[in-house]
Amino acid sequence: MNDQTEARKSVGVIIVTHTDYGDKLLKAAEMILGPQQDVRCVSVNVGVDTAETVKQLDADIRALDSGGGVIIVTDMFGGTPTNLSLSLMGQRLVEVVTGVNLPMLIKILSTRTKALSQLAADAKTAGVQGIVVAGEILRKKVAGE
Amino acid sequence: MFWVRIDNRLVHGQVIESWLPFTDARYMVVANDELAQDELRQQIMSIAIPLGIDFSFVKVAEVQTYLDSRRLMERDVLVLFASCPDARRAFEAGLDFRKLNLGNLHYGPGKRQVCQHIALSKEDETCLDFLRGKGVNLDYRCIPSDPVDLPG
């Protein structure tokens, strides 16, 4: 693990969500992984000018990009946090992944030295794999036996 | 790495996301008498275990026999117990570990809270004293980035 960290620069992480969902999600991930660095949470609130939020995001991207780029995770495709994040794509080395959940965030935080595009692809896979209808799997196992 | 841990919750997020990568384990042995006989709970727990990790549910007294039968001891194995008495029983039944990681041991009536994530009953302390007396080093970490020793 440590060899990897030294070999490549770590990707910065920004969690953009409706209200403080991102803060809580980060807390949950830290309970499992331990304290994390170079992560920022941006909450989108009613009553705050969206231009201000975009300005904040832009500043966070600049602060967190140490050469490896920044991955922005947002809570819901189509929502304001996502729309604001997407408006910053193309200007800097940024990847936006929507529908953040705990398995996705943990995957990102624990494998941050990967190339940005690979990290984003793996984050998507982890997020989807984390969604399980237990009954379906158990029924399949029983049927397969 | 051969890694032995006590964790009330057995397989859960911290074990899967932090200890499996930290130990580089490829085999996980869940040593618990109740689970070893409960296929439904085994199946539910196994859904959470990542692909590529070989795992097994065995009775506490049979851990060493199981490891021997598969020649696993010298490979990357993570053994999980739910309690201190279970760890002691396995040791007495021949499981040769020199280090024991104490993770989540929840508070209950009559237990002494020794740090944020560990509360010990009299019986737990007796078991740990026994193991310490046999030369087992105790490692009090909930997750790998925690300090190894108890505060104070």
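Accessible areas are computed here by the Shrake-Rupley method with a 1.4 Å probe. On this basis, the accessible surface of chain B in the predicted model comes to about 7,300 Å², and carbon and sulfur atoms contribute 50% of that area. Of the 152 residues in chain B, 51% are classed as buried.

The secondary structure of chain B comprises six helices and eight strands. Read from the N terminus, these elements follow the order β-α-β-α-α-β-α-β-α-β-β-β-α-β. The C-alpha trace of chain B extends over about 40 × 30 × 30 Å along its principal axes. The radius of gyration of chain B is 15 Å, in agreement with the value near 15 Å that a compact globule of 152 residues would have.

In chain A, the unreviewed UniProt entry annotates residues 10-131 as "domain: PTS EIIA type-4".

Phe77(A), Leu86(A) and Met89(A) together form a nonpolar surface patch of about 300 Å². Of these residues, Phe77(A) is located in the loop that lies between strand 3 (70-74) and helix 4 (80-86) of chain A. Phe77(A) is classed as exposed because its relative accessibility is 64%, the cut-off for this class being over 50%.

Definitions and conventions:
Residues numbered from 1 in each chain as written. Chains lettered and ligands numbered in written order. Predicted model: local features only at pLDDT ≥ 70, side-chain atom pairs only at ≥ 80, totals over all residues. Heavy atoms only, no water. Patch = residues over 30% accessible without salt bridge, like charges linked within 9 Å, V, L, I, M, F, W, Y side chains within 5 Å. Salt bridge = Lys/Arg side-chain N within 4 Å of Asp/Glu carboxyl O. Helix = DSSP H or I, 4+ residues; strand = E, 2+ residues; numbered from the N terminus. Buried < 20%, exposed > 50% of the residue type's maximum accessible area, 1.4 Å probe, protein only. UniProt positions renumbered as here; feature names shortened; annotations may be inferred. Rg over C-alpha atoms; globule rule 2.2 N^0.38 Å.
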